[in-house]
Amino acid sequence: MAPDTRSAELNAVPPTVSMRFGIVTLFPQMFGAVSEYGVTGRAMRTGLIELHCWNPRDYSTDASRRVDDRPYGGGPGMVLQAPPLAEALRTARASLGGDAHSVALSPQGRCLSQRELIEIARTAKPLIMLCGRYEGIDERLLRDEVDEEWSLGDFVISGGELAAMVLIDAIARHVPGVLGDARSASEDSFASGLLDAPHYTRPEQYAGQGVPPVLISGNHQAVRRWRLKQALGRTWQRRPELLAGRTLDSEQSQLLAEYREELVAHSVAEHSTS
Ligand SMILES: C[S@@+](CC[C@H](N)C(=O)[O-])C[C@H]1O[C@@H](n2cnc3c(N)ncnc32)[C@H](O)[C@@H]1O
């Protein structure tokens, strides 16, 4: 029978809470996806991170708990009203502490880098995220009540909840103790400014392909060099802008040169057999 990891987690001595997230959302149930599953679910069950939701409907003065209205100037859709959102935000701030950083999720916000997410986890300041819906949020609320706006990227999704969950997960990975092995995060793409090296696991043969022999050589130094070479080569091929302005040390320069030579040799060999 599989061990009951959940009760083992719950029986463990609870660590001090390292990071507290507050969410202002019309759909608190959606956050079950991060509070019940995977890395974030375990971190919440063991008390390493906390997540609290405030629903603006609970702060609406309208008899039917309405929180949206038609846009001034006309046009499609509805806009989230400032008063219930402001009240929910103030309650969240009072609960999480005055030093909480408050952000609105918005496609017009700024995209965060891995480095910034690591810094957020390191400072462990409570983070309040406001999730928009419909056409968005009354501009006056954004101007007065949030510190900044954050985006997931240059595309539009239907609500801020998915964006908030992505950020909770990405930040939680850097809260000490959340990952079983802290090396996982430090070896991930972007941690050192490079993409991660490729990964392989059993079976050793799959679809007529083996695994790079160095990975089963048992030579740790050779494995380290191979991984660094792949990380440099992949970054150069897929995201060259990450290498621009970066000074490579002599080992890195040599490994990248080897990667490029091997690539040329490989494509010449492929060409001559085709
Ligand atoms: C349909 S969108 C509104 C988009 C808005 N009309 C605009 O074009 O800027 C509804 C909500 O989804 C969230 N959202 C949409 N795209 C997002 C993105 N790329 N990053 C973060 N949040 C986003 C925001 O909270 C937004 O208020």
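Helices (H or I, at least four residues) and strands (E, at least two) are DSSP runs, numbered from the N terminus. With that in hand, welcome to this protein, which comes to ten helices and seven strands. The structure is a predicted model, where local features need pLDDT of at least 70, side-chain atom pairs count only at pLDDT 80 or more, and totals for chains, interfaces and linings use all residues. Residues are numbered from 1 along each chain as its sequence is written.

**Overall layout**

- The domain assignment, which is automatic or taken from a database, gives domain 1 (5-172) and domain 2 (189-273).
- Between the C-alpha centres of domain 1 and domain 2 there are 38 Å.
- The C-alpha trace spans about 75 × 50 × 35 Å along its principal axes.
- The protein has a radius of gyration of 24 Å, while a compact globule of 274 residues would have one near 19 Å; the radius is taken over C-alpha atoms, and the globule rule is 2.2 Å times the number of residues to the power 0.38.
- Of the 274 residues, 25% count as buried (20 or more other C-beta atoms within 10 Å of a residue's own, with C-beta atoms placed from the backbone).

**Around the ligand**

- The ligand is surrounded by 20 residues, and the closest are Leu105, Pro107, Gly132, Gly160 and Ala163; a residue is near the ligand if its C-beta atom, placed from the backbone, lies within 6 Å of it.
- Strand S5 (101-111) and helix H7 (160-172) each supply at least two residues of this shell.
- S5 gives the largest share, four residues.
- By type, the shell holds nine nonpolar, nine polar and two charged residues (nonpolar: Ala, Val, Leu, Ile, Met, Phe, Trp, Tyr, Cys and Pro; charged: Asp, Glu, Lys and Arg; polar: the others, Gly among them).

**A look at helix H7**

- The end C-alpha atoms of H7 are 18 Å apart, which agrees with the 18 Å that its 13 residues should span at 1.5 Å a residue (the expected span is 1.5 Å times one less than the number of residues).
- Buried residues in H7 include Gly160, Ala163, Leu167 and Ile171.

**Meet Leu130**

- Leu130 lies in strand S6 (residues 127-130).
- Leu130 counts as buried because it has 28 C-beta neighbours inside 10 Å.
- Leu130 and Asp249 are 119 residues apart in sequence and 43 Å apart in space, C-alpha to C-alpha.

Methods
A residue is buried if 20 or more other C-beta atoms lie within 10 Å of its own, exposed if 12 or fewer, and partly exposed in between; C-beta atoms are placed from the backbone.
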